[in-house]
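Have a look at the model first, then read on.

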Amino acid sequence: MSARPAVPRPEYPRPQFVRAEWQCLNGTWQFERDPGDSGLERGLIDRDLTGEIVVPFCPESELSGVGDPDFHAAVWYRRTVRVPEGWAGQRVLLHFQAVDHDATVWVDGVEAGRHRGGFTPFSCDLAAAADPAHTYTVVVRARDPRGGPQARGKQATSYEGRGALYGRTTGIWQTVWCEPVPAVRLGRPRITPSVAASAFRITVPVTAGAAAGRAGYQVRVTVSDENGEVAQARARADVDLAPELWLPLPAGRVRLWSPEDPHLYDLRVDLLDGDGAVADIAESYAGLRSVSIDGQAVLLNGEARFQRLVLDQGFYPDGLMTAPTDEALRHDIDLAVAAGFNGARLHQKVFEERYLYHADRAGFLVWGEFGDWGANMEGPAGDNQQPTASFVTQWVEAVERDYSHPSIVGWCPLNETWQRLHDRITVLDDVTWGMYLATKAADQTRPVVDASGYAHRVPGADVYDSHCYEQDPELFGKLMNGLADGTPYVNADPDGTAWSVPYAGQPYFCSEFGGIWWNPDVRSDESSWGYGERPTSEEELQERFAGLVAVLLDDPRMFGYCYTQLTDVFQEQNGIYRFDRTSKLDVSRIRAAQLRPAAIEQDER
């Protein structure tokens with residue numbers, strides 16, 4: 001087991017909305033399994049639990065100290081919290097960055113909140129008026145049923161992981177923390193860059209308790225760079241539910257965010273009371289960059305930018321979906337860049353927000369994705385996908401959390417939702433449309449693909465794509481060359497039955513390819529797989545990789561690709577790196593094959 005600090009994962013978990021005062025609640029909690037989900041009846045709210053766990057690591061992981069990979073219908077957590085003396089009389093918010101899957105929280109035996117969804121944060125009150133002399137008891141129950149439609153991502157519903165499904169994550173798997181806030185307080189700002197106007201539009205929700213007034217309140221936002229203040233604006237906070245501020249930047253202080261120069265401006269948001277005194281303060285940051293579409297090209301800051309993406313599953317040998325350290329998140333980005341990638345699809349998982357913080361600082365392009373696998377109930381053909389309404393609500397929470405991160409250049413709510421297309425409107429159609437429309441309603445600044453590969457159900461969606469794991473570069477090229485006449489490769493049922501609405505001429509990319517099976521250290525008794533036949537040598541692998549990427553780089557209508565994948569993950573051993581992040585091949589050759597100019601970037605527009 002890896003060494004653990006006294007307080008694991010102690011870094012601030014919400015880097016784009018930072019308050020100075022906070023308390024990390026990671027560390028040792030009481031813990032108990034509840035296989036029959038009868039704990040409420042058995043009084044687990046009111047007694048000590050029988051075991052211990054290290055939060056924020058899930059009980060299936062080694063780092064939790066539990067290391068039990070079996071199914072957990074329900075698990076319980078318990079700990080006491082003493083707030084600092086300086087928080088006396090303030091409201092204290094208790095934050096959970098992610099709990100899988102259905103969570104209920106009690107404080108001092110009283111239900112304080114519920115949340116469904118394993119990937120997104122939620123909050124509840126620890127205390128309406130904090131008393132530092134009081135010890136608060138927090139109890140959490142997390143339910144994680146084995147069956148039924150549920151957004152699981154890559155978590156297996158069989159005991160052993162198999163194919164592209166891996167170990168499970170139950171319960172708390174991201175940081176738990178609390179912070180004091182005033183009765184009238186700031187909400188998380190939405191930061192929208194405008195390259196055309198050299199400005200930021202910032203929307204700041206302001207929350208007031210039932211007994212609190214906000215007459216005369218104002219919001220003040222200050223933008224700064226390394227040379228000091230760049231712009232400042234104020235708006236009344238007592239007439240609009242969410243005041244909006246417009247901050248033009250002086251010509252001499254405009255600096256665009258890009259992979260070559262990931263410049264970030266500092267933001268300070270002040271809430272001023274009726275007397276002009278500061279009632280609440282939050283620190284943030286912003287990148288000035290634009291994403292747009294011109295024909296079949298996706299532009300960054302007005303220029304065609306070929307997206308050399310890698311599929312990142314976000315799993316770790318000892319922490320499963322939780323990175324063992326903050327450094328591990330940053331290191332994965334460094335590994336991708338070293339191999340020649342300029343971005344990633346964050347695959348079948350809403351990553352920890354700290355990952356996006358590091359991507360923002362590195363100029364690393366990201367497609368945000370939802371962990372929607374778990375909806376396929378394997379029913380009658382044409383009706384097998386049964387996503388629920390909670391898929392939509394969970395996805396909207398993810399988009400809202402991550403809206404302001406400049407590294408995100410596209411959204412992908414669904415992935416490989418294979419289902420036959422027919423003349424009836426199905427649950428899959430409704431949910432696909434719902435997730436697409438919700439994304440567009442929440443964010444008009446980024447392109448959205450309705451479903452990555454397989455079941456496109458939104459005619460004229462911003463982006464169209466396919467997944468193709470043909471291993472022979474020549475055959476791969478023949479499959480991909482239809483884009484020139486408007487008939488690109490489209491995933492379909494093996495018998496030819498359509499899964500998707502027709503391609504409509506929008507930007508297109510091959511969003512999964514490669515997956516070359518390579519593990520030079522594989523044992524005879526080890527489960528191992530990848531796509532196609534395993535190369536007989538690293539030289540063969542390198543030639544295959546170079547040939548596959550050349551097909552896509554040389555297509556003047558292809559705006560990018562996503563190679564499977566960054567690392568091996570358990571039995572799926574087709575990564576550029578091993579599961580432990582060590583090298584297993586000559587990464588410099590992988591990099592060289594990708595860094596040749598892309599045709600779409602050379603096209604005169």
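Which element gives the most to the lining of the second largest cavity? That's α3, with four residues.

## Ground rules

This is a predicted model, so to speak of local features takes pLDDT of at least 70 and side-chain atom pairs count only at pLDDT 80 or more, while totals for chains, interfaces and linings use all residues. Residues are numbered from 1 along each chain as its sequence is written, and side-chain values use heavy atoms, with hydrogens and water left out.

## Cavities

A search of the whole structure turns up six cavities of 30 Å³ or more. On a 1 Å grid over the protein atoms alone, a cavity is a set of points where a 1.4 Å probe fits but cannot get out; a pocket is an open set with protein on both sides within 12 Å along at least five of seven lines, and lining residues have an atom within 4 Å of a point. The volume is the space filled by probe spheres set on the points.

The largest cavity holds about 90 Å³ of space. Its lining includes Arg9, Glu11, Trp173 and Arg354, and splits into three nonpolar, four polar and five charged residues. (Ala, Val, Leu, Ile, Met, Phe, Trp, Tyr, Cys and Pro count as nonpolar, Asp, Glu, Lys and Arg as charged, and the others, Gly among them, as polar.)

The second largest cavity has about 70 Å³. Of its 14 lining residues, Val350, Phe351, Gly368, Glu369 and Asp402 sit closest to the centre. Here the lining has nine nonpolar, one polar and four charged residues.

## Pockets

The largest pocket has a volume of about 720 Å³. It's lined by 34 residues, with Leu165, Trp373, Gly374, Asn376 and Glu378 nearest its centre.

The second largest pocket has about 580 Å³ of space, and α3 turns up again, supplying the largest share of its lining with three residues. Its lining has eight nonpolar, six polar and 10 charged residues.

## α3 against α4

Helix α3 (residues 389–402) packs on helix α4 (residues 427–442) at about 25°, with the axes 10 Å apart. That makes the two roughly parallel (angles under 35 degrees). Helices here are DSSP runs (H or I, at least four residues).

Trp395 and Val399 are among the α3 residues that meet α4, where Met435 and Ala438 are among the partners; contact means heavy atoms within 4.5 Å.

Methods
Axes fitted to C-alpha atoms, helices over the stretch in contact; angles between N-to-C directions. Parallel < 35°, antiparallel > 145°, perpendicular 65-115°, else oblique.
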